[in-house]
Amino acid sequence: MACLSDANQLSRITDISLCHGWAGLYQTAWRAADEALIPEISHQLPRLAALLTSHANAGRPDGIGFLGGAAGLALALHSATRDTAPISGWDACLLIA
């Protein structure tokens, strides 16, 4: 849980990708919060959504692909604007759903 709020750890995220970046962090945290028995992770989601949006506005995805590109980023941004699981279950392939 501390990794979601520790500035030192968050500073190590260097891209906006779904694979290893802000988009992936947000989507993983959202799924973890959805399954958690305690609300601490869900309390981090608004701040993480703001960080995802901020980094997405400041950077450019690496191509149009799913894991490293605009498609994955767009899906995570879509999740950040809603408080429900993706209807398509697109994140199941990441083994987090």
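A polar contact is a pair of N or O atoms within 3.5 Å. I keep that in mind for the notes below, and I also keep in mind that this is a predicted model.

**Arg-31**

I started with Arg-31, which is found in helix 2. Is Arg-31 buried or exposed? Its relative accessibility comes out at 11%, so it falls under the 20% cut-off and counts as buried. Next I looked for a partner: the side chain of Arg-31 makes a polar contact with the side chain of Asp-91, at 2.7 Å. Leaving out residues up to four places away in sequence, I found Arg-31 touching Ala-85, Pro-86, Asp-91, Ile-96 and Ala-97.

**The aromatic pair**

How many aromatic pairs does a search of the whole structure find? I got 1. The ring centres of Phe-66 and Trp-90 sit 5.9 Å apart with the planes at 90 degrees, so I noted the pair as edge-to-face. Phe-66 is in the loop between helix 3 and helix 4, while Trp-90 is in the segment after helix 4, so the pair ties together parts 24 residues apart in sequence. I checked burial too: Trp-90 is buried at 14% relative accessible area, whereas Phe-66 is partly exposed at 28%.

**Helix 3**

Last, I went along helix 3, residues 40–58. Its 19 residues reach 28 Å from first C-alpha to last, close to the expected 27 Å. Where does helix 3 bend? I found a bend of about 35 degrees at Pro-46. Among its buried residues I jotted down Ile-41, Leu-45, Leu-48 and Leu-52. The buried residues of helix 3 pack against helix 2 (22–35) and helix 4 (70–80).

Conventions
Residues numbered from 1 in each chain as written. Predicted model: local features only at pLDDT ≥ 70, side-chain atom pairs only at ≥ 80, totals over all residues. Heavy atoms only, no water. Helix = DSSP H or I, 4+ residues; strand = E, 2+ residues; numbered from the N terminus. Expected span 1.5 Å × (residues − 1). Bend = angle between axes of the 7 residues up to and from the residue. Buried < 20%, exposed > 50% of the residue type's maximum accessible area, 1.4 Å probe, protein only. Contact = heavy atoms within 4.5 Å. Phe/Tyr/Trp six-rings, centres within 6.5 Å; stacked < 30°, edge-to-face > 60°. Polar contact = N/O pair within 3.5 Å; in protein donor to acceptor, adjacent residues only side chain to side chain.
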